Amino acid sequence: ILMIIGGGIYAMMIGDVANVIANLDEAGNEYKKVMDNLNQYMNSNHFDAELKIKLRSYFQHCKSLFANEYHRDTLRKMSPVLRGEVANHENGGWVVQIPFFAKAPRKELRELITEISMVMEPEVYVPSDVIVAKGSMNKKMFVMDKGLAVMNVPNAMPQFLSIGAVFGDDIIIKTLTDSVQQRKWQVTAMQYVDVHTLEAQKLLI
């Protein structure tokens with residue numbers, strides 16, 4: 001009897017420890033739920049094998065996005081000074097590549113980087129996706145976090161874009177002049193491409 005009771009207590013302890021460890025990885029748990037829902041959705045709708053592979057591959061690649069959401073929530077909970085330090089560490093490099101931002105006084109630039117960091121949104125594109133279509137409006141800017149893309153500009157050689165590349169900074173024109181312009185260039189993903197995007201209207205906030 002004592003062995004049975006001891007075994008039961010041990011099993012309960014193991015279960016409690018497992019639950020604590022699982023709860024520490026909220027992003028991982030959320031990802032698992034999404035994958036379970038995806039599998040149920042595909043099976044219920046009788047997706048063919050090729051489409052199932054494509055969708056699973058996409059969501060497996062997107063696993064880091066779930067962690068990013070929790071990281072941004074953590075950033076919101078920091079003090080303004082600490083939030084600024086972290087934001088400038090993560091995003092200061094690409095912001096100063098843009099001449100308009102780089103000319104800002106140092107204090108204002110740090111504050112700008114912090115505000116931008118809080119409103120940027122992550123997106124993922126699969127190979128052959130058109131990230132920016134020729135003729136689209138200058139409403140969104142892109143910062144590449146991962147992958148390889150190609151920019152095609154009329155009468156110019158294709159330009160390859162990788163981590164740290166910034167394109168679409170013509171949103172500044174829209175922000176300052178409220179002038180919407182059509183883009184004469186196009187960007188296409190050559191691999192999976194992870195980006196953070198900034199909408200023109202959020203520069204006004």
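I sorted the lining of the largest pocket by residue class and got 11 nonpolar, eight polar and seven charged residues. My classes: Ala, Val, Leu, Ile, Met, Phe, Trp, Tyr, Cys and Pro are nonpolar, Asp, Glu, Lys and Arg are charged, and the others, Gly among them, are polar.

A note on provenance: this is a predicted model, where local features need pLDDT of at least 70 and side-chain atom pairs pLDDT 80 or more, while totals for chains, interfaces and linings use all residues. Residues are numbered from 1 along each chain as its sequence is written, and side-chain values use heavy atoms, without hydrogens and water.

Next, which residues lie nearest the centre of the largest pocket? I found Asn68, Glu90, Asn91, Asp145 and His196, out of 26 lining residues. For the lining, I checked which element gives the most, and H4 does, with seven residues.

Then I turned to the helices. I have H5 and helix H7 (residues 106–119) packing at about 90°, axes 8 Å apart; axes are lines fitted to C-alpha atoms over the stretch in contact, and angles run from 0 to 180 degrees between N-to-C directions. That makes H5 roughly perpendicular to H7, a label for 65 to 115 degrees. Their contact (heavy atoms within 4.5 Å) includes Asn91 and Trp94 in H5 and Ile113 and Met118 in H7.

Last, the sheet: I read four strands in the order E1-E8-E3-E6, open and antiparallel. Strands pair if DSSP finds at least two bridges between them. I noted Val143 opposite Val166 in E6.

Terms used: 1 Å grid on protein atoms, 1.4 Å probe; cavity = no way out; pocket = protein on both sides within 12 Å on 5 of 7 lines; lining within 4 Å. Helix = DSSP H or I, 4+ residues; strand = E, 2+ residues; numbered from the N terminus. Parallel < 35°, antiparallel > 145°, perpendicular 65-115°, else oblique.
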